[in-house]
Amino acid sequence: MNKIIQTDPDQVEDVGPLYAARKNVYPQSVFGTFRRIKWGLMAFCLGVYYLLPFVRWNRGLGAPDQAVLIDLPNSRFYFFFIELWPQEVYYFTGLLIIAALTLFLMNSVGGRIWCGYLCPQTVWTDLFYAVERLIEGDRRERMRKAASADPLKLGRVSEIVLKHSIWLLIAWWTGGAWVLYFTDAPTLVKELVTFQAPAIAYIWIAILTATTYLLAGFMREQVCVYMCPWPRIQAALTDEWALNVTYRYDRGEKRMSVKKANELRALGLPAGDCLDCYQCVAACPTGIDIRNGPQIDCIQCGLCIDACDNVMKKIGGPTRLIGYDNDINIQRRMAGEPPIYRIVRPRTIIYTALIALVGGIMLYALLTRSLLDINVLHDRNPVAVKLSDGSIRNAYTVRLLNKRGFDRVVTIDVDGPQDAVLHVVGDDSITPDRPMVVLGRDGTTELRVLVTAPSEKNTEKSIPTKFRITDIGLGEVASAIDNFVSP
Amino acid sequence: MAESELDEVSGKTTTGHQWDGIKELNTPLPRWWLITFYASILWAIGYWVVYPAWPLLWSYTRGALNYSTRAAVGVELAILEKIRGDKMIALGAASLADIEKDPALLTLARARGKAAFGDNCAPCHGSGGAGAKGYPNLNDDDWLWGGSLDQIVQTIQFGARSGHTKTHEGAMLAFGKDGILKRDEIGTVANYVRSLSGLPTRQGYDVAAGAKIFAENCTSCHGEAGKGNQELGAPNLTDKIWLYGSDEATLSETITNGRAGVMPAWVGRLDPSTIKALAVYVHTLGGGK
C-alpha cells in the first residue's frame, strides 16, 4: 500500500535557490594537439566567412560576378556555377537534410565535435577569449582582477575599454561580412565606408554586431548549456561506441600526489594517475570537471586533454588520461582486455550511405535540371468557349522560364486535339502555326495562348494536351501537359 | 514530509516534492533566464504604452507613437498608386494597336483590365467574361456591336441602349405583343431561323411561308441571309452562338416579346486609360477581331 503523503506548507524547508547565480568561467590558455586543431579550424572558418564574399565568378555579361550571392530583390541565389531560382528552394531542403545527417555522423564518430570545433558560437567565443587573455592576462590574473576591490584604477579601466573595443570591432566586422553576401561586396564596402550604403545594411550590421558581442562576449557557455537544443538531441543520439572526451577513471582513480603514487607503486600496490591538479577544470571553456563523466555541458573541445597531457609529460607519466574514448573500453581495460574501437559500424555506415544518397540525388537533380521550362495554367472561367463556326477554343496562361544568361528564341507547338490551331495573343510572327517567342535572359515570359479545334473531331470531354517549346538555336526542349476541354 | 534532502547519486538537493516515492531534484535555472523573463514583461508594458493596446468602451488607447496599421497601409497604397499612375499615363498615351504589340504594355493593360473587369463588368458578364443568358460571352468570336479594339472601346464607353446620346441603338421588336405577327407565323419563322444555322426543324413546317415572313419582317436588321448587322446590334442568326437560346420556345419568346438588353455607358465613370485597358483585356480574351 502506498502511503498518502500530506504536505504541510509550514513544514517546507528551504530547498535552496530556484535560480542559480552564474559561475564565471576563466579558461586557462592551453597548448597541444587539440588546441592547434582548434586554432587551425578557427582560422579556416573565419577566413571563409570573411573573405568568401570577395571571391569573383564570371557568369557573363549582365549577371553578377560574385561567387556566393543571395540576391533578394531579384530572387536569385548564386553559388559558384550554380544559380537557383525561388522555386528550386528544395535544393536548400536537401542541403539541410545533408547537414543534419552530417551532424549525426559526426556525433556517432566523435561526439559533439561540431560543438567543440566548428559551431559559430564556439569559434567566436574562442576568439573573444583569446582577445581577453591577450589584454587581461591568463586565468589567475583575470580571476584576481575580477575579484579586485579597486577596479577603477586607470590601468584597469583602459584594459576594460580596450577589450570591449576590440570585441565590438570583431562583432562589427562579423555583421559587416554578413551583409556582403546579399549584394555586390566591393561596391557595398565602398558605400559603407563613405556612408552611402542603404539604411538596411547598417541596421543589419548593428543587429549582428549586437548579437555577436552579446553571445561571444557575455553569454558564452550559457548558450551551449541552456539555450541550444543540440546537446539535448545529441544526448539522445550518442551510443556506447562514440568517441567522447572521457576521463579514464580506471587509470586515474584513486587520485593522489605523484609522491604517494610512487610510494604505493614501489610497494606493488595499485595507485591512480590523476594528481587532482585541476588543470583540466582550469582549461575548460564551459567550466566543468570532465572527471565527473559525460555531461550535457561538455562541448567535446578536447582542451582538457591538452591540459592533462601537458601535466603528464612534465611528471613523466603516460599521456591521454583524458582522451577521445568510449565507456566500453574503460570497462574492458578494467577487465584486462585490450580496447576496441568501431568507427565503421552499422550506424556510421547508414549515416554515410544516407548522406551519399541524398547528395547523389541532389547532384543528379542539379546536373540534369532543365534551363528551359514551361508552366501551363488552363483558364478556369470559361473553361471552354464555343466559337461561331461551332469549333472549340481553350485559353491558357503559359509561363516560359529561361534560366540561361542570354536571350533566346523558342517555338511553341501543341499536341493533343485533332487539327488544333495554336495562337499566341499579340503574336504576328511569320510562322503562325509554330509561333516564335523571344525569351529574355534569366527570366520568365508570360503568354496568353489560345488553342482552337473543330468540335466534330474532338468529341471527348477532356483531351490531354502537350505544350512544347523548342529552342531554335540550342534545340533544348521543354514541355508541359494540360487538357483541352469541350463545353 | 516536504523535506529537502541531499541526493547521493547526483550530489544535488531535492525540492522536497515526491510522488509515490519519486523525488524531484532541484535543478535551478540560471538567474539571467529569470531576468530575461522579467525584462520581457517590462517590454510588454512598454508595448502597451507605445502602441495601440487596450480597448476602451468607444475607442482604444492609441499609444505614444500614434501608430495605426490602417494608416500604414494607406501610405503603401498611395505609393503604389503613384507608381501605377505613371504607368497608366504611358498606357493612356499609347495607341490600342501599339499596346498589343508591346509585351510590357500588354501585360500591364491585361492586369489592369482584369482588375477593372472584376470590379465593373463581372456582375453581368461573369468573372472570366463567360457571360450568361442575355449577357454576351466575351471570349468567343461572335460580336453584337463589333469585336475590333476600337469597336470594343466604343461599346464600353457608351454602352448599349444605355440612354447616352452616343449609345448603340436598335432593338428586337416585339412582333407578337405588338400584333405584327400571329402566333402560328411566329412558330413558322422560328423554325425557319433554326434552319439558317443548320439546326433541326419541326417536321412539316411551311418552309416557304417561313422564308416569306423572314424576308418581310427580319431582313431589314438581320440581313437577307440572316448574317446580322453590327451597326444595329442585330445578331448573326447563321452561327452556332445564341445569346438567349436556340430552341423553338425561346426563339418564339424572343420574336413575341422582343429583346433589348442594356449595357451601361462607362465614359465618365471609368477613366480613359482604364477603358483602354478593359478593351485590350476583352480583346485578348480570345475572340478579338
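**Close-up 1. Helices α2(B) and α11(B) are roughly perpendicular to each other.** Angles of 65 to 115 degrees count as roughly perpendicular, those under 35 as roughly parallel, those over 145 as roughly antiparallel and the rest as oblique. This is a predicted model; local features need pLDDT of at least 70, side-chain atom pairs count only at pLDDT 80 or more, and totals for chains, interfaces and linings use all residues. Residues are numbered from 1 along each chain as its sequence is written, while chains are lettered from A and ligands numbered from 1 in the order in which they are written. Helix α2 spans residues 69–93 of chain B, and helix α11 spans residues 272–283 of chain B. They pack at an angle of about 70 degrees, with axes 9 Å apart. Axes are lines fitted to C-alpha atoms, for helices over the stretch in contact, and angles run from 0 to 180 degrees between N-to-C directions. Helices (H or I, at least four residues) and strands (E, at least two) are DSSP runs, numbered from the N terminus.

**Close-up 2. Residues at the crossing of α2(B) and α11(B).** From α2(B) come B:Met88, B:Leu91 and B:Gly92. They meet B:Pro272, B:Ser273, B:Lys276 and B:Ala277 of α11(B). Contact means C-beta atoms, placed from the backbone, within 7 Å. By class, this contact of α2(B) with α11(B) has 4 nonpolar, 2 polar and 1 charged residues. Ala, Val, Leu, Ile, Met, Phe, Trp, Tyr, Cys and Pro count as nonpolar, Asp, Glu, Lys and Arg as charged, and the others, Gly among them, as polar.

**Close-up 3. An open sheet of 3 strands in chain A.** The order is β2-β3-β4, with antiparallel pairing. Strands β2 (68–71) and β4 (82–84) of chain A stand at the edges, each with a single partner strand, so one side of each has no neighbour in the sheet. The twist averages 10 degrees from one strand to the next. β2(A) is joined by 4 bridges to β3(A), residues 76–79. A:Ile70 has A:Phe77 as its bridge partner. Strands pair if DSSP finds at least two bridges between them.

**Close-up 4. The contact between chains A and B.** Chain A gives 35 residues and chain B gives 37. Elements of chain A that give two or more residues are β1 (19–20), α9 (221–227), β8 (385–386), β9 (392–402) and β13 (443–453). The largest share, 3 residues, comes from β13(A). The side of chain A that touches chain B has 15 nonpolar, 10 polar and 10 charged residues.

**Close-up 5. Strand β1(A) runs parallel to β3(B).** 2 bridges join β1(A) to β3 (residues 29–30) of chain B. A:Ala20 has B:Pro30 as its bridge partner.

Note on methods. Contact = placed C-beta atoms within 7 Å.
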